[in-house]
Amino acid sequence: MPAETAMRHILRATQFEDVKFARQRVIAPYIADFVARSRRLGVEIDGDTHAMRDVSRRTAWLERQGYGVIRFTNYDAGSNLEGVAHIIGASLAATAPLSSPLPGGERKQR
């Protein structure tokens, strides 16, 4: 999936705004495309396989778990990566980091 590969490239390690994004992270019962647990932010890339009803249900469930969710289409992620990165950066700027590390989550390795 080229769009997801492009997103993985900009969100890998901690190179994006010094925030770690994990790819394909389970937030049961769903699997989020990218998650910054330290900011409680999910980034979803929606292709043809996501039914609109399921997208709404997934977003509502993740929000009830305390996550903000940003959704992009495959087309947006593949054709306007700079714009997508800008929106993700603005969303990160609007969220404060969690004050303590998450268990089994994203502790910065030194």
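The largest nonpolar core of this predicted model has 19 residues. Met7, Leu11, Phe21, Val43, Ile45 and Ile88 touch the most other members. Two or more residues of this core come from each of helix 1 (2–11), strand 2 (30–36), strand 3, strand 4 (68–73) and helix 4 (81–93).

**Nonpolar cores**

- Leu11 is one of the members of the largest core that touch the most others.
- Beyond four places away in sequence, Leu11 touches Phe16, Phe21, Phe34 and Ile88.
- Phe21 and Ile88 are also among the residues with the most contacts to other members of the largest core.

**Glu44, a buried acidic residue**

- Glu44 sits in strand 3, which spans residues 41–46.
- Its relative accessibility is 1%, so Glu44 counts as buried; the cut-off for buried is under 20%.
- The Glu44 side chain makes a polar contact with the Arg58 side chain, at 2.6 Å.
- Leaving aside residues up to four places away in sequence, Glu44 touches Ile31, Ala32, Asp33, Arg58, Val69, Ile70, Arg71 and Phe72.

**Backbone exceptions**

- Most residues other than glycine have a negative phi, and most peptide bonds are trans.
- The peptide bond between Ala28 and Pro29 is cis, with omega about 10°.
- Pro29 lies in the loop that links strand 1 (22–27) and strand 2.
- Glu17 is not a glycine, yet has a positive phi of about 55°.
- Glu17 belongs to the loop between helix 1 and strand 1.
- Arg40 also is not a glycine and has a positive phi of about 55°.
- The loop between strand 2 and strand 3 holds Arg40.

**Exposure of the positive-phi residues**

- Glu17 has a relative accessible area of 52% and is therefore exposed; exposed means over 50%.
- Arg40 has a relative accessible area of 26%, so it is partly exposed; this class runs between the cut-offs of 20% and 50%.

Technical notes: Residues are numbered from 1 along each chain as its sequence is written. This is a predicted model: local features need pLDDT of at least 70, side-chain atom pairs count only at pLDDT 80 or more; totals for chains, interfaces and linings use all residues. Side-chain values use heavy atoms; hydrogens and water are left out. Helices (H or I, at least four residues) and strands (E, at least two) are DSSP runs, numbered from the N terminus. Buried means under 20% relative accessible area, exposed over 50%, partly exposed in between (1.4 Å probe, protein chains only). A polar contact is a pair of N or O atoms within 3.5 Å; within protein, one must be able to donate a hydrogen and the other to accept it, and residues adjacent in sequence count only if both atoms are side-chain atoms. Contact means heavy atoms within 4.5 Å. A nonpolar core is a set of buried Ala, Val, Leu, Ile, Met, Phe, Trp, Tyr and Cys residues joined through side-chain atoms within 4.5 Å.
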